[in-house]
Amino acid sequence: MSTEDLGSEMEAKCPVCESENTKITQKILDFPHFPQMWFYNLMCSDCHFKYNDFINLAVNEPVRYGYLAENKDDYTSKIIRSSNGTIRFPSIGAILEPGPKADGFITNIEGMLRDFQGKAKFLLRDATTEEEVSRINNFIEMIEEHIKNNLPIEIIIEDPFGNSSIIPFDQSKLKKQQLSQAEAEKLKTGLMIFGGTDRTSE
Ligand SMILES: [Zn+2]
């Protein structure tokens, strides 16, 4: 992966406290088979708000990627999630949708499963009924089995703006599909720092 540092000439106000004491880092990341991913990071030195996002410069239509991970190598496939990406593992009923505080990250399939496992452990602390506790424990255990034995699992990533993607271990197994407008509109969207209203009004 090569990177091109774009410096930090861009200025933006903090979307939380509106301070102008922000530091912005931008890079173009070039992944194999997947060139031109723009990475953007904003840090506010006043309220310590941090924000990461990705913009795919090569794709700008609503997309769905699917990948069936079946072995250890497949589990290393990278996931790039922009603030508007929805990630699903349908067979285990795990879904990550963008919310108001969503931001971008890069991980791999195993890392994403660990993240779901961590969230489930967190939920366990607030579980009140025995049924709830056992349901959550089953989910945690199921993820453990998948990671330990690299059990087949399908991951689906959808993004109404085409900014999220999968960088697959095996390119031939990646399924890419354009979403219809109706499908794209059903997806939730996250925090939009790139909405354009702030910077153009100055
Ligand atoms: Zn701030």
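Q: Where do domain bounds come from?
A: Domain bounds come from an automatic or database domain assignment. For this protein it gives domain 1 (1–58) and domain 2 (59–192).

Q: Is the model predicted or something else, and how are residues numbered?
A: This is a predicted model, where local features need pLDDT of at least 70 and side-chain atom pairs count only at pLDDT 80 or more, while totals for chains, interfaces and linings use all residues. Residues are numbered from 1 along each chain as its sequence is written.

Q: Thanks! How many helices and strands are there?
A: The protein has four helices and 12 strands (DSSP runs numbered from the N terminus: H or I, at least four residues, for helices; E, at least two, for strands).

Q: And what box do the C-alpha atoms fill?
A: Along the principal axes, the C-alpha atoms of the protein fill roughly 55 × 45 × 35 Å.

Q: Back to the domains: what separates their centres?
A: The centres of domain 1 and domain 2, taken over C-alpha atoms, are 23 Å apart.

Q: How many residues are in contact there?
A: On the domain 1 side there are 11, in contact with 12 residues of domain 2 (C-beta atoms, placed from the backbone, within 7 Å).

Q: Which strand of domain 1 gives the most?
A: That's β4, with six residues on the side touching domain 2. Both β3 (34–44) and β4 (50–56) supply at least two residues each.

Q: Now the helices. How do α1 and α2 pack?
A: Helix α1 (residues 109–124) and helix α2 (residues 130–149) pack at about 160 degrees, with axes 10 Å apart. They are therefore roughly antiparallel to each other (the cut-off is over 145 degrees).

Q: Which residues meet?
A: In α1, they include Leu113, Phe116, Ala120 and Leu124. In α2, Ile136, Phe139, Ile140 and Ile143 are among them. The contact residues of α1 with α2 divide into 11 nonpolar, two polar and two charged.

Key: Axes fitted to C-alpha atoms, helices over the stretch in contact; angles between N-to-C directions. Parallel < 35°, antiparallel > 145°, perpendicular 65-115°, else oblique. Contact = placed C-beta atoms within 7 Å. Nonpolar A, V, L, I, M, F, W, Y, C, P; charged D, E, K, R; others polar.
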